[in-house]
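Please keep the sequence and the model in view while reading the points below.

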Amino acid sequence: MAAAASYPSTSWRARSSLTPFNSSLQPQVRAPRIAVPATRTEARSQVAPSAMQSSSTRHRLEAVSHDHKTIPERLAVVTGGNRGIGLEVCRQLALQGVTVILTARDEKRGKDAVESLCHESSLSNVIFHQLDILDDNSRASLARYIESRFGKLDILVNNAGVGGVAVDQDGLRALNIDPKVWLSGKAVDLIQSVIVQTYDEAVKCINTNYHGLKWVTEALLPLLKQSTSGACIVNTTSLRSELKRMPNEKLRNELRNVDIWDETRIEVMLNEFLDDLKNEWLEEAGWPTMLPAYSMSKTVVNLYTRILAKRHPEMRINCVHPGFVNTEINWNTGIIPPEEGARGAVKVALLPQDGPTGCYFDQTELGEAW
Ligand SMILES: NC(=O)c1ccc[n+]([C@@H]2O[C@H](COP(=O)([O-])OP(=O)(O)OC[C@H]3O[C@@H](n4cnc5c(N)ncnc54)[C@H](OP(=O)(O)O)[C@@H]3O)[C@@H](O)[C@H]2O)c1
C-alpha cells in the first residue's frame, strides 16, 4: 500500500467541492496514512499472526479515559452494516483500529453481523446498534446512545441503500448481460422486460437513498461537530449519478453549479421527477431512463454532499462510488467482491484533516461526476 503522506491543505481546499475535478489532477491524490486491506484474506494476513491479538489491543490503546468514560480515539457509524459493502466497511475500519458502531434495521441481522466480525476477524471493537434510517425514533435513539456513551462521533459512513425497482431475477440472469453493457447504460432497452420501475419503488428508493441519508446526517451532525480529529462523512453514491448520464442538458448544467442548490430546491426537482415518472414522461423530460429513481437518488446524494461540504468546511464530506460490487442490490451481478468495494469508503473515511472535501471518489481515486 502506498506510503504515508500528508495532504497539502491549501491545494486541497482550493480545489474543494464546487468545481468538477479534472481527472488530470488525480495523480496528485496520495494515499492517506493508512493501509487499506485489498481483500479479506489480505486483511487477515495484515493482522495475523500477532494480530488478531493486535487489532483489539490497538483499539484499547486508542481509547482514552475521559470523565470516567472510555472514549475511543476514532468512532464510526456505518449504516446498513449487516451485509454487502457496509459489512466490509465495518470490518476494514475496525481493522484500522476505529471503534465501529455497526447499524442495521433488523436487530438479529445486525447482531449476527457483529458476531461474524468477532469470529472471522477477531474484532472486539465493533458494537451493534439498531438503525432504520427511515425511522425517526430509531435515528433519535442512536443519537442519544452515542451522546450518552461517547459524547462525539468522528466518522459517518452513509451506506444503506436500495435499488428501487421490481425485478424478475431469473429473467435478468437469463439475459446474461455483459457487465460493460450494463455499466454503460446501454442495457436500458434490453432490461425492460425484466426490470420495472414502479412509482412506489421509486418513492421508496428516493426516500431511502436520499432522505434517509440526509435525516441520519442531520441527527448525527451535532455529534460529528464534537469530533476533535475533524469529522468525516462518506456518502455512498453510484456511477449512475454521473451528470454525463443526465439527458436533460439544462438540468445537467444547473446541477453542476452547487451554489444555486439547497435542500428545498432538491425537493422541488425530486417532486417534478416523480410526477413525470407517474405520467410516463421521463424520456420526453430528459430524466435518466436507466434505473431512473436510483440514478436520481444518487445524483441528489452527490449534490447534498457538495452542499454540506460547503456548509461545514471544518469536516471532510465526500461521496464514493464503490465499483460494480457483487451484492444483493444488483442481484449479485456485480464483478468485484464486497471486500474490494469497501476500500473507497474506508480510504475516504480515514482521510487526514486537511484532505479533500466535497469530492466524488470512483472507488479509491478522485473521479469526475459533475
Ligand atoms: N453493489 C454495487 O455494485 C453498488 C454500486 C454503486 C453503489 N452501491 C451502493 O452501495 C451501498 C451498499 O449497497 P450494497 O451493494 O452493499 O447492497 P446490499 O447488500 O443490498 O446492502 C444494502 C444495505 O442497506 C440496508 N438498508 C436498506 N434500507 C435500509 C433502511 N431503511 N435502514 C437501514 N438499512 C437499510 C440493507 O439492510 P437489510 O439487510 O435490512 O435489507 C443492507 O444492509 C448502497 O448505497 C448502494 O446504492 C452499490
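Helix 4 (residues 84-95) packs against helix 5 (residues 107-121) at an angle of about 45°, their axes being 11 Å apart. The structure is a predicted model, in which local features need pLDDT of at least 70, side-chain atom pairs count only at pLDDT 80 or more, and totals for chains, interfaces and linings use all residues. Residues are numbered from 1 along each chain as its sequence is written.

**Helix packing**

- Helices (H or I, at least four residues) and strands (E, at least two) are DSSP runs, numbered from the N terminus.
- Axes are lines fitted to C-alpha atoms, for helices over the stretch in contact, and angles run from 0 to 180 degrees between N-to-C directions.
- Helix 4 and helix 5 are therefore oblique to each other; angles under 35 degrees count as roughly parallel, over 145 as roughly antiparallel, 65 to 115 as roughly perpendicular and the rest as oblique.
- The crossing of helix 4 and helix 5 is right-handed, a term used if the near helix is turned clockwise from the far one by less than a right angle, anticlockwise being left-handed.
- L87, C90, R91, A94 and L95 of helix 4 meet A113, L117 and S121 of helix 5, where contact requires C-beta atoms, placed from the backbone, within 7 Å.
- Helix 9 (residues 199-224) and helix 11 (residues 263-278) have axes that come within 10 Å and cross at roughly 165°.
- Y199, A202, V203 and I206 of helix 9 make this contact with L270, L274, L277 and K278 of helix 11.
- The helix 9 and helix 11 pair is therefore roughly antiparallel, and its crossing is right-handed.

- All 6 of the 6 residues of strand 10 (residues 316-321) are buried, so the strand is largely enclosed by the rest of the structure; buried means 20 or more other C-beta atoms within 10 Å of a residue's own, with C-beta atoms placed from the backbone.
- R316, N318 and V320 point one way from strand 10, while I317, C319 and H321 point the other way.
- Strand 10 pairs with strand 9 (residues 232-236) in the parallel sense over 5 bridges, pairing requiring at least two DSSP bridges.
- Strand 10 is also joined to strand 11 (residues 360-362) by 3 bridges, and these two run parallel.
- I233 has I317 as its bridge partner in strand 10, and V320 has F361 in strand 11.

**Nonpolar core**

- The largest nonpolar core has 82 residues, and A76, C90, V100, L102 and A349 have the most contacts inside it.
- Such a core is a set of buried Ala, Val, Leu, Ile, Met, Phe, Trp, Tyr and Cys residues joined through C-beta atoms within 7 Å.
- Apart from neighbours within four places in sequence, A349 is in contact with A76, L93, I155, V157, C232 and V234.

Notes
Buried ≥ 20, exposed ≤ 12 C-beta atoms within 10 Å, placed from the backbone. Contact = placed C-beta atoms within 7 Å.
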